[in-house]
Amino acid sequence: MASHLIQGRTITMPVRVTDATVCSATYAVSADAARAVIAYSGLDVAEVLPGRAVCTLVFVEYRDSDLDSYHEFGVTFLVRPPGSPRPRASGPATLRNAGAFVHWLPVDQGFTLEAGRTLWGFPKELADIELRLSSPYKRCILRKDGRLVVDMLVKPGMPVGGAAAATPLTAYTHLDGVTRRVPAKMWARGMRVRPGGALIRLGNHPVAKELSELGLPKRALMSTSLRASMTFGAAEVV
């Protein structure tokens, strides 16, 4: 197993998350606008409908993990695998091999910041992330450099039954000119899902402006909340 030294600590792959709460809201946005946002990565968005891409906002409380406990917020886009031809038609087939490109990933702790950037090229940076998770309404208030980026509320959804099974996930990152593929797995439990179900208020930070140029705030396609365990494998340069 590969191991890495981060701030004097040895981190072994795969990195494990034992307990986390994950809340997200997924939006249909202009594919051209999304392409402009992630053009630096060399990746292309997956069009789920003609001219429409998928952007997901997610906030996470990691309570127990190899990278300690911390809060995280993510802006991600569904993308096609690197080098794959653009399909002639949009639709479910477009999603078959799609992955999540992590465009922005603020965290509130320094160890996970360095580990995420070093191990996988995740674009982590420090921010003030306030999470309110004790009620059925899950809320994240994110500030960066003293400026509000987003205030996001996820309403309670309907429970989705079934035993937790490992779901393979593929994340893509881009940092310092290098694009990487990160294999991951997630075991979800206590999942709740609803159409719409998210409210967001944007602040005056540049990332908020970028989100507004994607058409946010708007009605979400769906929102989710769940408890999860995860593993993250070694990154591969693509």
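Modeller: Start with Glu-72: its relative accessible area is 8%, so it is buried. Buried here means under 20% relative accessible area, with exposed over 50% and partly exposed in between, worked out with a 1.4 Å probe on protein chains only. Keep in mind that this is a predicted model, where local features need pLDDT of at least 70, side-chain atom pairs count only at pLDDT 80 or more, and totals for chains, interfaces and linings use all residues. Residues are numbered from 1 along each chain as its sequence is written, and side-chain values use heavy atoms, with hydrogens and water left out.

Who does Glu-72 pair with? The side chain of Lys-124 meets it in a salt bridge, 3.7 Å from N to O. Glu-72 sits in strand β5 and Lys-124 in strand β7 (residues 124-126), so this pair ties together parts that are 52 residues apart in sequence. Salt bridge here means a side-chain nitrogen of Lys or Arg within 4 Å of a carboxyl oxygen of Asp or Glu. Helices (H or I, at least four residues) and strands (E, at least two) are DSSP runs, numbered from the N terminus. Lys-124 is buried as well, with a relative accessible area of 3%.

Now look along β5. His-71 has its place in this strand, and at 18% relative accessible area it is buried. A polar atom of the His-71 side chain lies 3.0 Å from the backbone oxygen of Ile-129.

Rings of Phe, Tyr and Trp (its six-membered ring) pair if their centres lie within 6.5 Å; planes under 30 degrees apart are stacked, over 60 edge-to-face, and the rest tilted. Tyr-62 and Tyr-70 are both buried.

Trp-120, Phe-122 and Phe-232 form one aromatic cluster. Trp-120 is also among the buried residues of helix α2 (residues 110-120), a list that includes Phe-111, Leu-113 and Leu-119. After α2 comes Gly-121, with a positive phi near 75°. Over the ring of Phe-111 sits the charged end of Arg-9, 4.0 Å from the ring centre. For that label, NZ of Lys or CZ of Arg must be within 6 Å of the ring centre and within 35 degrees of the ring normal.

That brings us to strand β2 (residues 9-12), which pairs with strand β1 (residues 3-6) in the antiparallel sense over 4 bridges. Two strands pair if DSSP finds at least two bridges between them. Ser-3 stands opposite Thr-12. The β1-β2 hairpin has 2 residues between its strands, and Gln-7 takes a positive phi near 50° there.

For a sheet, look at β8-β9-β10-β14: these 4 strands form an open sheet in that order, with antiparallel pairing. β8 (128-132) and β14 (198-202) are at the edges with a single partner strand each, so one side of each is left without a neighbour in the sheet. From one strand to the next, the twist averages 10°; axes are lines fitted to C-alpha atoms, for helices over the stretch in contact, with angles from 0 to 180 degrees between N-to-C directions. β8 and strand β9 (residues 138-144) are joined by 5 bridges, and Asp-128 has Arg-143 as its bridge partner in β9.

Back to charges: the structure holds 16 salt bridges. Another of them joins the side chains of Asp-44 and Arg-80, 2.7 Å from N to O. Asp-44 lies in the loop between α1 (31-38) and β4 (52-65), and Arg-80 in the loop between β5 (70-79) and β6 (99-107), so the pair ties together parts 36 residues apart in sequence. Both ends count as buried, Asp-44 at 13% and Arg-80 at 9%.

Technical notes. Polar contact = N/O pair within 3.5 Å; in protein donor to acceptor, adjacent residues only side chain to side chain.
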